[in-house]
Amino acid sequence: MSRVSEMTEADVFVVADNVFSPLGEATAENFSKLTQNISAVRSHNRIKISSKPFYASLFSSNESILKGAAHKYTKFEQLLIASIDNAIQGCTLNIRDKNTVLIISSTKGNISLLETEAVNESLRKRIALSTSAKIVSEHFGFVNQPVIISNACISGVLAIITGMRLLQSGQFENAVIAGADVISKFILSGFESFQALSPDICKPFDKHRNGLNLGEGAGTIILSANKKHRQNIKIKGGSVSNDANHISGPSRTGRELADAIKKAMEDANVSASDIDFISAHGTATVYNDEMEANAFNLTGLQSIPLNSLKGYYGHTLGAAGLIESIISIQSIKENLVLPTLGFSDMGTTQPLNICTGLLPGNFKNCLKTASGFGGCNAALIFGK
């Protein structure tokens with residue numbers, strides 16, 4: 001019997017993870033600060049990014065992520081390397097094993113190089129995500145060609161789903177999934193052009209929400225189909241969909257995200273009553289939060305405890321789905337769901353059960369959602 005047929009529909013387990021953000025360089029450090037209601041979002045005055053002050057979650061402008069490596073790697077690549085390095089220290093995975101694949105998630109990668117370098121063929125090659133993926137892969141010694149996931153703001157969640165499916169199909173036994181993004185003038189001005197930025201810390205699902213904050217960060221999650229990890233948190237199912245509605249605005253009905261949620265639950269063999277809490281995309285923009293509220297009501301999840309972490313990290317783009325999934329996995333381990341920072345008054349037409357304080361309990365399953373430009377949606381279920 002072939003290895004592929006032997007491992008078809010294999011269980012997929014989380015063996016290690018890392019959140020590398022302005023709040024800290026490890027998952028436990030990040031989670032501890034979140035339980036203390038500490039946010040990385042604050043007002044910044046950086047002329048190279050914006051001519052006026054703005055709220056975001058950023059690393060220190062003078063900070064080198066990898067000491068002495070600034071000349072060799074871009075900030076984006078340094079974030080990926082630092083997060084992956086911290087994650088692999090937490091397991092015994094053989095990076096050079098042919099059964100291990102690297103998956104890189106990002107929405108903008110090295111786009112900031114357009115602001116500092118002459119535009120020529122050399123820059124076009126350097127700015128390509130495939131170039132960064134190759135650099136990171138060679139740094140660690142991965143033997144397989146890396147997989148790149150870049151699909152707007154669902155990139156992080158889609159990367160985890162991709163890793164799950166590669167392992168379930170038996171193509172690989174292990175997957176190292178890392179995502180990162182860096183905030184630049186190009187990115188900030190793009191969101192400004194949509195009038196999507198909040199003038200203060202964002203307020204997901206709140207009546208007075210007025211836009212999102214952006215954020216920098218990286219996240220890494222290591223998955224394995226090896227049954228020796230069967231006691232670990234399991235990636236149970238996932239699905240994606242597309243609104244086919246508008247280049248930037250989400251579907252107003254939420255039906256397409258609801259379709260992704262329903263299919264993810266079918267894939268995980270769970271029902272709405274099995275979901276213990278939801279980690280929503282929750283960008284604090286008027287249309288996203290309303291659309292998600294519709295989707296959760298269409299899937300019978302309106303009474304399930306729900307949070308958004310955007311008030312703590314801002315929107316970290318290609319890293320968001322990874323960071324927020326990892327923090328939610330930590331919530332399951334700690335049996336403690338985090339509140340939605342900034343929320344006070346219900347601001348969607350459909351009811352939701354927004355977490356407003358630390359919620360203890362016996363949590364087994366979490367639903368993670370994400371939506372992005374172009375109408376893309378993703379839903380992921382993980383748990384004990």
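Analyst: A residue counts as buried when its relative accessible area is under 20%, as exposed when that area is over 50%, and as partly exposed in between. The model discussed here is a predicted one.

User: Why is Thr340 called buried?

Analyst: The relative accessible area of Thr340 is 4%. Buried means under 20%, so Thr340 is buried. Thr340 belongs to the loop that runs between β12 (336-337) and β13 (353-354).

User: What makes a residue a contact of Thr340, and which residues are in contact with Thr340 beyond its neighbours within four places in sequence?

Analyst: Contact requires heavy atoms within 4.5 Å. With those neighbours left aside, Thr340 is in contact with Pro204, Leu306, Asn307, Ser308, Ile354 and Cys355. For Ser308 there is also a polar atom of the Thr340 side chain 3.2 Å from the backbone nitrogen. A polar contact is a pair of N or O atoms within 3.5 Å, and the distance of 3.2 Å is given for the pair of Thr340 and Ser308.

User: Why are α6 and α11 called roughly perpendicular to each other?

Analyst: The axes of helix α6 (residues 155-168) and helix α11 (residues 320-334) cross at roughly 70° and come within 5 Å. Angles of 65 to 115 degrees count as roughly perpendicular, and α6 and α11 are therefore described in that way. On the α6 side the contact is made by Gly156, Val157 and Ile160, and on the α11 side by Gly321, Leu322 and Ser325. By class, three residues of this contact are nonpolar, three are polar and none is charged.

User: How do you know that Asp11 and Lys234 meet in a salt bridge?

Analyst: A salt bridge needs a side-chain nitrogen of Lys or Arg within 4 Å of a carboxyl oxygen of Asp or Glu. For Asp11 and Lys234 the N to O distance is 2.9 Å, and their side chains meet in a salt bridge. Asp11 is in the loop between α1 (3-7) and β1 (12-20), while Lys234 is in strand β9 (residues 234-242), so the pair ties together parts 223 residues apart in sequence. Asp11, with a relative accessible area of 30%, is partly exposed, and Lys234, at 24%, is partly exposed. A search of the whole structure finds nine salt bridges.

User: What makes the pair of Lys33 and Glu29 a salt bridge, and where do the two residues lie?

Analyst: The closest N and O atoms of Lys33 and Glu29 are 3.8 Å apart, and the two form a salt bridge; the cut-off is 4 Å. Both residues lie in helix α2 (residues 27-35), four residues apart, which is about one turn of the helix. Lys33 has a relative accessible area of 26% and is partly exposed. Glu29, at 36%, counts as partly exposed.

User: Glu216 has a relative accessibility of 2%; does that make Glu216 buried or exposed?

Analyst: Since buried means under 20%, Glu216 at 2% counts as buried. Glu216 is placed in the loop between β7 and β8. Lys75 forms a salt bridge with Glu216, with the closest N and O atoms 3.1 Å apart. Because Lys75 lies in helix α3 (residues 75-88) and Glu216 in the loop between β7 (214-215) and β8 (217-224), the pair ties together parts that are 141 residues apart in sequence. Lys75 is partly exposed, its relative accessible area being 26%.

User: Which backbone nitrogens does the side chain of Glu216 reach?

Analyst: A polar atom of the Glu216 side chain lies 3.0 Å from the backbone nitrogen of Phe59. The side chain of Glu216 also reaches the backbone nitrogen of Ile183, at 3.2 Å. Leaving aside neighbours within four places in sequence, the contacts of Glu216 include Pro22, Ser57, Asp181 and Thr316.

User: Why do Ala244 and Asn269 count as exposed?

Analyst: Exposed means over 50%. Ala244 has a relative accessibility of 71%, so Ala244 counts as exposed; Asn269, at 70%, counts as exposed. Ala244 is in the loop between β9 and α8 (255-268), and Asn269 is in the loop between α8 and β10 (277-279). Although not a glycine, Ala244 has a positive phi of about 50°. Asn269, not a glycine either, has a positive phi of about 60°.

Technical notes. Residues are numbered from 1 along each chain as its sequence is written. This is a predicted model: local features need pLDDT of at least 70, side-chain atom pairs count only at pLDDT 80 or more; totals for chains, interfaces and linings use all residues. Side-chain values use heavy atoms; hydrogens and water are left out. Buried means under 20% relative accessible area, exposed over 50%, partly exposed in between (1.4 Å probe, protein chains only). A polar contact is a pair of N or O atoms within 3.5 Å; within protein, one must be able to donate a hydrogen and the other to accept it, and residues adjacent in sequence count only if both atoms are side-chain atoms. Axes are lines fitted to C-alpha atoms, for helices over the stretch in contact, and angles run from 0 to 180 degrees between N-to-C directions. Angles under 35 degrees count as roughly parallel, over 145 as roughly antiparallel, 65 to 115 as roughly perpendicular and the rest as oblique. Ala, Val, Leu, Ile, Met, Phe, Trp, Tyr, Cys and Pro count as nonpolar, Asp, Glu, Lys and Arg as charged, and the others, Gly among them, as polar.
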